[in-house]
Amino acid sequence: MMIYDRFSMRFIGSRYCRPLKIPLADCPDTHVVPPAGNPEFSTRNRPLSSQEYFITPPRNSWKKGVTCNALGSSQTRAIRPDTIMNTRHILAAACAATFAVTSAFAGGEGWTHDFAAAKKQADSEKKDLLMDFTGSDWCGWCIKLNDEVFKHDAFKTGVKDKFVLVELDYPEDKSKLSEETQKQNEELQGKYGIQGFPTILLCDAEGKPFAKTGYQAGGPEKYVAHLDELRAKKETRDKAFADAGKAEGTAKAKALVAALDAMELEDETVGAFYGDVVEQIKTADPKDETGYAKKLAMKQKFAEFGKKLNESKNHDEALAFVEKSEGEFEGEQKQQIVGIKAQIYAMTGKFDEAIKTADEAKAIAPDSAMVGQLENFKKNVEAAKAKAAAAPKEEGKEDAGE
């Protein structure tokens with residue numbers, strides 16, 4: 001139910017699209033590579049017909065505050081060519097036309113598949129872990145990241161004293177990996193909630209993530225500098241944890257909240273790896289003076305909204321539910337919900353209502369990162385409106401010609 005057409009936008013925690021079956025031949029203008037992005041090809045975890053093509057934009061290309069926690073994300077995964085039967089040649093052409101395996105590791109020498117051994121090495125050498133979740137023989141942006149960054153000496157030299165490199169591969173050709181490694185990788189994909197490739201996680205020696213990224217253009221030197229910036233998040237985290245250890249009550253809670261916020265991790269990741277910290281915050285701040293408990297409650301409420309929205313049977317039912325719910329939220333969450341309403345209008349051909357509603361959404365949080373998405377959405381709607389207006393004229397000309 002959650003697939004994209006040209007009117008779709010990415011939302012923090014939610015997106016709305018009606019079920020569409022889009023023939024591959026009808027998707028020549030589908031944009032799967034937003035600026036500075038890396039595409040994820042995703043679908044429900046079920047067999048696809050060879051004529052269906054589901055596209056989800058990237059998770060790793062957005063700035064602070066624009067993490068895409070897609071509804072039902074636990075039910076999505078990256079498409080590999082072996083899941084699409086007759087469309088394998090399309091992904092091959094798009095992702096790996098010139099790819100050839102030249103090493104046991106896609107990134108070349110200096111990597112390991114053994115996660116447990118990597119943690120021990122990181123602990124003994126006082127390093128962090130760089131975990132590369134990749135599809136080495138089918139994922140185009142994984143291949144680009146390897147070719148442009150990981151295979152270069154400048155990258156290996158730049159990280160050798162800072163990281164133990166762990167490659168977690170999910171190839172089409174399973175013969176590349178032992179059964180033990182395949183099992184380990186599947187377990188780690190679930191544990192770390194990986195939904196798309198490439199995903200790069202930076203973790204401490206215990207395996208706790210403190211930063212997340214993906215493909216970045218610019219070559220190895222620029223990527224190393226990017227990693228150094230992300231690595232500073234761990235220092236901020238650790239300092240905040242140390243400050244919290246010296247404090248009590250609300251001051252302790254604030255320090256812990258600062259530690260979590262510094263890492264900019266997704267809610268699911270925080271819950272999986274820092275659940276104890278969340279409980280400490282609640283205990284230290286029973287009156288919720290930090291507002292953290294309220295924030296968590298609203299996120300849960302927003303997630304419930306998304307689940308119910310996706311149970312809608314048609315556009316009218318979805319629109320009624322959105323209109324009923326928007327008054328229960330505020331700020332950027334309300335902005336997203338009003339944006340969803342605009343999207344429904346667009347998908348039902350009500351272009352003027354869609355444009356007006358998009359402007360209303362922008363006004364709710366004019367400084368949010370979603371405003372850019374709303375602007376692009378409006379441009380698409382305006383183009384569709386112009387095309388729809390021109391269609392009868394073109395048909396008339398053809399009739400006159402006959």
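The side chains of Asp243 and Lys239 form a salt bridge, with 3.2 Å from N to O. The model that shows this pair is a predicted one. Both residues belong to helix α6, where they sit 4 residues apart, or about one helical turn. An α-helix has 3.6 residues a turn, so residues three or four places apart point the same way. Asp243 is partly exposed, at 33% relative accessibility, while Lys239 is exposed, at 54%.

Helix α6 covers residues 220–246 and also holds Glu221. Glu221 counts as exposed because its relative accessible area, 54%, is over the 50% cut-off. Between Glu221 and Asp153 there are 68 residues in sequence, yet their C-alpha atoms are 9.8 Å apart in space.

## Salt bridges between separate parts of the chain

Across the whole structure, a search finds 21 salt bridges. Side chains of opposite charge can pair when their charged atoms come close. One of the salt bridges joins Asp137 to Lys176, at 3.4 Å from N to O. Asp137 lies in the loop between β4 (128–134) and α3, and Lys176 lies in the loop between β5 (163–169) and α5 (179–191), so this bridge ties together parts that are 39 residues apart in sequence. Asp137 is buried, with a relative accessibility of 13%, whereas Lys176 is partly exposed, with 28%.

Another salt bridge is made by the side chains of Glu266 and Lys212, at 3.2 Å from N to O. This pair also links distant parts of the chain, 54 residues apart: Glu266 is in the loop between α7 and α8 (267–273), and Lys212 is in strand β7 (residues 209–213). Which of the two is buried, and which is partly exposed? Glu266 is buried, because its relative accessible area of 8% is under the 20% limit. Lys212 is partly exposed, at 27%. Salt bridges can also join into a network, as those of Asp128, Arg231 and Lys234 do.

## Nonpolar cores

The largest nonpolar core contains 55 residues, and those with the most contacts inside this core are Met131, Phe133, Phe155 and Tyr192. Helix α7 (residues 249–263) supplies the largest share of the core, 6 residues. There is also a second, separate core of 24 residues, with Ala318, Tyr345, Phe351 and Ala384 among its members.

What does Phe155 touch, apart from its neighbours within four places in sequence? Phe155 is in contact with Trp111, Leu130, Val149, Phe150, Leu165, Pro220, Tyr223, Val224 and Leu227.

## Helix α3

## A buried histidine

His113 is found in the loop between β3 (111–112) and α2 (115–125). Is His113 buried or exposed? His113 is buried, because its relative accessible area of 16% is under 20%. A polar atom of the His113 side chain lies 3.1 Å from the backbone oxygen of Glu167.

Technical notes:
Residues are numbered from 1 along each chain as its sequence is written. This is a predicted model: local features need pLDDT of at least 70, side-chain atom pairs count only at pLDDT 80 or more; totals for chains, interfaces and linings use all residues. Side-chain values use heavy atoms; hydrogens and water are left out. A nonpolar core is a set of buried Ala, Val, Leu, Ile, Met, Phe, Trp, Tyr and Cys residues joined through side-chain atoms within 4.5 Å. Buried means under 20% relative accessible area, exposed over 50%, partly exposed in between (1.4 Å probe, protein chains only). Helices (H or I, at least four residues) and strands (E, at least two) are DSSP runs, numbered from the N terminus. Contact means heavy atoms within 4.5 Å. A salt bridge is a side-chain nitrogen of Lys or Arg within 4 Å of a carboxyl oxygen of Asp or Glu. A polar contact is a pair of N or O atoms within 3.5 Å; within protein, one must be able to donate a hydrogen and the other to accept it, and residues adjacent in sequence count only if both atoms are side-chain atoms.
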